[in-house]
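Please keep the sequence and the model in view while reading.

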Amino acid sequence: MSKQYRVAVAGATGAVGNQMIQCLEERDFPIGELRLLASERSRGKRLKYKGEDIEVQVLGEGSFQGVDIALFSAGGGTSLEWSPKAAQAGAVVIDNSAAWRMDPEVPLVVPEVNPHAVAGFKKKGIIANPNCSTIQMVVVLKPIHDLAGIERVVVSTYQAVSGTGQKAIVELQGQLKAIYCQDAQPQAKVYPHVIAQNVLPHIDIFLDNGYTKEEMKMVHETVKIMEDPTIKVSATCVRVPVIYGHSEACNITTARKISAQQAREALAKAPGVKVVDDPANKLYPMPLDAAGQDLTLVGRIREDVSQEKGLDLWLVADNIRKGAATNAVQIAELLIAGGHI
């Protein structure tokens with residue numbers, strides 16, 4: 001019988017926490033005990049895992065005693081407080097917040113891109129899960145970088161409201177009802193403006209350089225994951241009225257000229273990537289197609305008409321799955337496969 005592991009999910013009642021539980025079940029992760037943790041307001045809730053109702057426990061002292069792997073999706077403040085405690089109790093923490101991503105002693109891992117980096121968890125007992133928009137982009141950048149070397153990426157994102165959480169989904173649905181039923185004025189509480197029938201070029205806070213924090217996450221995280229400080233990234237991150245699935249338009253400058261067909265062939269062989277690129281038959285990646293799956297869909301692959309060594313492409317992924325929960329579970333699988341735990 002293969003070894004079974006004691007796994008904790010912190011933030012189990014949130015959208016990503018729920019998806020982590022689902023991914024653990026779908027991928028038949030070798031769990032001996034599953035411990036579901038959340039804040040006081042979730043005390044007594046029960047969540048299903050493999051047909052069994054598991055009671056949610058309040059995150060506190062002793063929560064990680066005996067735990068092998070702790071999946072965190074409980075926010076940056078909670079992670080800063082509790083991840084070190086979980087690590088001290090002997091668990092390997094895989095954290096979905098931004099709290100640890102740029103810590104030089106914490107690896108930032110996308111299994112299809114830098115699987116070797118997981119070994120770095122031994123310094124602090126923590127592995128960081130990258131930002132959702134970064135994850136899907138680097139999965140696609142990696143095979144192109146290996147083939148031709150990437151010098152620069154200009155990316156515009158079209159990000160679903162689920163990236164903000166369940167409250168944003170409810171707000172979008174409420175605004176759409178108000179607009180179409182004409183029974184009320186649409187109200188904006190989660191975002192600074194109404195998101196229904198609108199797009200907001202504003203995700204996270206604005207920084208002194210004019211970029212948002214979300215945009216600078218993509219800049220810094222890409223360099224760390226790709227392990228190449230020479231790659232230049234500029235991002236514009238936009239919120240759109242879609243529930244699941246982030247889309248991105250990428251303009252890539254390579255060191256060596258490659259054709260669209262060469263890029264297409266490299267991407268077709270890449271792990272975690274599915275090429276959907278048949279414009280003549282109106283086939284290209286869309287959020288409705290990406291929702292509910294773990295692959296990053298890429299299409300509209302073409303050579304940039306404005307520069308010799310340029311490529312343009314369009315990619316879409318489920319931000320709650322590959323952009324968060326699935327990537328975290330894949331990291332846990334890497335730890336087991338590498339004999340790290």
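Ala263 touches Ile258, Ile301 and Leu311, when residues up to four places away in sequence are not counted; contact means heavy atoms within 4.5 Å. This residue, Ala263, lies in helix H6, which covers residues 260–269. Helices (H or I, at least four residues) and strands (E, at least two) are DSSP runs, numbered from the N terminus. With a relative accessibility of 0%, Ala263 counts as buried; buried means under 20% relative accessible area, exposed over 50%, and partly exposed in between (1.4 Å probe, protein chains only). Ala263 and Ile144 are 119 residues apart in sequence, while their C-alpha atoms are 6.4 Å apart in space.

The model is predicted: local features need pLDDT of at least 70 and side-chain atom pairs count only at pLDDT 80 or more, whereas totals for chains, interfaces and linings use all residues. Residues are numbered from 1 along each chain as its sequence is written, and side-chain values use heavy atoms, with hydrogens and water left out.

Two strands pair if DSSP finds at least two bridges between them.

His145 is found in helix H3 and counts as buried, at 16% relative accessibility. Beyond residues up to four places away in sequence, His145 touches Ile150, Met226, Asp228 and Ile231.

Which residues have the most contacts inside the largest nonpolar core? They are Phe64 and Leu313, in a core of 53 residues; a nonpolar core is a set of buried Ala, Val, Leu, Ile, Met, Phe, Trp, Tyr and Cys residues joined through side-chain atoms within 4.5 Å. H3 gives the most to this core, with 8 residues. Apart from this core lies another, of 35 residues, among them Leu24, Leu47, Ile69 and Ala325. In soluble globular proteins, nonpolar side chains tend to be buried together. Leaving aside neighbours within four places in sequence, the contacts of Leu313 include Val140, Ile144, Cys250 and Ile301.

Helix H3 has a further partner. The axes of H3 (residues 132–148) and helix H8 (residues 321–337) come within 8 Å and cross at roughly 85°. That makes H3 roughly perpendicular to H8, a label for angles of 65 to 115 degrees. In this contact Cys132, Ile135 and Val139 of H3 meet Lys322, Gly323, Ala324 and Asn327 of H8. These residues divide into 4 nonpolar, 2 polar and 1 charged; Ala, Val, Leu, Ile, Met, Phe, Trp, Tyr, Cys and Pro count as nonpolar, Asp, Glu, Lys and Arg as charged, and the others, Gly among them, as polar.

Another open sheet has 6 strands in the order S5-S2-S1-S6-S7-S8, and its pairing is parallel. Strand S5 (57–58) and strand S8 (126–128) stand at the edges, each with a single partner strand, so one side of each has no neighbour in the sheet. Strand S2 (residues 31–38) pairs with S5 in the parallel sense over 2 bridges, and the bridge partner of Leu37 in S5 is Gln57. Helix H1 (residues 15–26) lies across strand S1 (5–10), S2 and strand S6 (69–72), at about 155° to S1. Helix H2 (residues 76–88) lies across S6, strand S7 (92–95) and S8, running at about 175° to S6.

Finally, the backbone deserves a look. Most residues other than glycine have a negative phi, and most peptide bonds are trans. Lys50, although not a glycine, has a positive phi of about 50°. Lys50 is placed in the loop between strand S3 (46–49) and strand S4 (52–55), and is partly exposed, with a relative accessible area of 43%. Arg300, in strand S13, likewise has a positive phi, near 50°, and counts as partly exposed at 37% relative accessibility.

Note on methods. Axes fitted to C-alpha atoms, helices over the stretch in contact; angles between N-to-C directions. Parallel < 35°, antiparallel > 145°, perpendicular 65-115°, else oblique.
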